[in-house]
Amino acid sequence: MRSLAELEAVFDSPLPTPDIQAAAENLLKASEEVLEHWVTARGEVPTTDTREGFRLLALHRQGAKGDPSFNACRETSREIAYHFNLVTLEPEHSDITDRLYMMALVSKHLYLFVSGKLEVAGLGEFCCAAKPIRSAMDNDSTTREEA
Amino acid sequence: MTTKDKYKKVAYYPGCALEGTGHSYNRSTKAVGKKLGLDLVEVKNWNCCGAMEVKNIDPKIQTYLSSRVMSTAANEMDMDVVMAPCNGCYHNLKKAEYDLKNDEESAEVVDRLSKKAGHKTYEAGQVETIHALDWIKDSIGEEGLAARVKNSLSGIKVANYYGCMYTRPRHIFPEKDQGPGSESTSKPHFMDDLLAAAGAENVDFPLKTACCGGAHTLSDSDTSTKLVLNILKAAKLSGADVIATECPTCHSGLEMHQIRAEKTLGEKVDIKILYFTQLLGMALGLSPRKVGVHENINDSIAFLKEKGLG
């Protein structure tokens with residue numbers, strides 16, 4: 001599993017146009033690794049199962065168990081899978097480069113969301129992150145229990 | 001009474017944002033309501049819904065604050081419906097409703113605090129909380145709206161951005177995902193439907209419910225800027241001229257981080273950002289000023305003139 005910094009570089013690097021299929025595979029793999037970071041941080045072993053044909057979706061499901069706020073990236077994960085299908089199932093499509101670029105943007109969104117959540121654990125029932133408050137509370141032995 | 005009739009007169013809960021950074025949303029919502037013959041009665045002496053800050057410290061206090069707004073509407077104003085155009089307020093009132101129905105401890109805390117504050121305790125089910133999108137969609141509908149359009153939005157390509165709180169978490173929105181005619185939590189479409197009825201061309205926008213980083217905007221501005229930049233780029237790549245919004249936090253985040261992205265990351269994305277009520281208002285014949293376009297940070301006046309709306 002690559003570091004988050006390495007993964008960010010993948011999403012930011014120019015997309016190799018000669019092999020668009022390989023680029024889509026690379027983005028999907030990097031997105032899976034982003035979710036692996038989240039699952040691992042929760043003390044679990046990232047699943048190798050697939051859901052609807054995608055390990056990415058199985059990883060998202062694993063990451064959201066017991067943490068409903070993680071569903072805020074459910075649709076983003078599904079959009080990555082959708083764009084992967086668009087790129088790989090219609091390789092001759094005239095918009096193929098734009099489709100790949102869109103997949104990169106959506107993948108980067110997943111990265112930004114998850115890496116932001118990884119900075120401070122338990123950002124509230126929903127992802128309303130008053131980070132300084134949360135951090136202060138986490139350092140306090142009288143930390144309130146989440147609702 | 002039908003839903004259509006029920007929504008013709010609703011208690012209006014603008015919330016704090018619509019009196020500040022989201023003032024043009026307040027202005028355009030009221031102007032559209034007036035134009036459509038819908039009656040908004042502002043909740044008397046309303047308070048903060050608990051927003052993000054209170055919820056992060058004590059969720060039960062947030063439940064109480066939201067319940068007080070609903071109690072005022074139900075018990076002091078005799079209203080059945082509360083309309084909250086802000087996603088944060090809408091979400092929190094719906095969450096309070098859910099918690100009061102399903103969590104005894106929340107109900108006890110709310111009852112205790114309501115008595116202490118000297119007002120009637122809100123009982124789950126006394127009011128129905130709706131969003132501005134439900135309000136227009138279910139009281140006027142697409143056909144009714146199309147019949148009233150004076151300046152079609154045709155030629156304007158729109159990416160509809162709903163943000164994260166309008167549909168999540170699913171369990172607090174039991175009326176959604178109920179088949180034809182209802183809103184979808186995974187692929188919301190009410191804003192798309194209304195703007196299409198006004199003539200706009202909606203683009204396929206994959207980040208319509210993605211996080212805008214609004215909650216991080218002060219504590220982690222760089223992440224917020226990157227999230228917004230991604231949304232702006234995706235909307236532009238989708239072919240949109242305009243991002244339509246329905247949440248003041250998302251809207252001001254998009255506007256401010258659009259500028260910040262240019263300043264700090266050197267990336268400029270030329271796309272307009274307008275509240276859906278501003279677009280609908282102009283389609284109904286209201287001037288840009290009447291719907292508060294001049295109050296937006298993102299300057300779209302020249303674009304609107306070019307499209308025949310200015």
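Predicted model: local features only at pLDDT ≥ 70, side-chain atom pairs only at ≥ 80, totals over all residues.
The predictor assigns the complex an ipTM of 0.91 and a pTM of 0.92. For chain B, the average pLDDT is 95. In that chain, 100% of the residues score at least 70.

The largest nonpolar core holds 129 residues. Within this core, B:Val82, B:Met83, B:Ile231 and B:Leu279 touch the most other members. The element giving the most to this core is helix H5 of chain A (residues 96-119), with 11 residues. Chain B contributes from two domains: domain 1 (3-130) and domain 2 (150-306) both supply residues, so the core lies between them. In soluble globular proteins, nonpolar side chains tend to be buried together.

The contacts of B:Val82 were listed without residues up to four places away in sequence.

Helix H10 of chain B covers residues 221-237. At 1.5 Å a residue, its 17 residues should span 24 Å, and the end C-alpha atoms are 24 Å apart, which agrees. Of the 17 residues of H10(B), 12 are buried, so the helix is largely enclosed by the rest of the structure. The buried residues run through B:Ser224, B:Thr225, B:Lys226, B:Leu227, B:Val228, B:Leu229, B:Asn230, B:Ile231, B:Leu232, B:Lys233, B:Ala234 and B:Ala235. Among them, B:Ile231 is also one of the core residues that touch the most other members. B:Gly239 follows H10(B) and has a positive phi, near 100°.

Chain B also contains an open sheet of four strands, ordered S6-S5-S7-S8, with parallel pairing. Strands S6 (201-202) and S8 (272-275) stand at the edges. Each has a single partner strand, so one side of each is left without a neighbour in the sheet. Strand S7 of chain B (residues 242-245) pairs with S8(B) in the parallel sense over four bridges. B:Ala244 has B:Leu274 of S8(B) as its bridge partner.

B:Asp78 lies in the loop between helix H4 (59-76) and strand S3 (81-83) of chain B. B:Asp78 counts as exposed because it has 8 C-beta neighbours inside 10 Å, where the cut-off for exposed is 12 or fewer. B:Asp78 and B:Gln126 are separated by 48 residues in sequence. In space, their C-alpha atoms are 9.6 Å apart.

Terms used: Residues numbered from 1 in each chain as written. Chains lettered and ligands numbered in written order. Helix = DSSP H or I, 4+ residues; strand = E, 2+ residues; numbered from the N terminus. Buried ≥ 20, exposed ≤ 12 C-beta atoms within 10 Å, placed from the backbone. pLDDT = per-residue confidence, 0-100. Expected span 1.5 Å × (residues − 1). Core = buried A, V, L, I, M, F, W, Y, C linked by C-beta atoms within 7 Å. Domains from an automatic or database assignment. Contact = placed C-beta atoms within 7 Å. Pairing = 2+ DSSP bridges.
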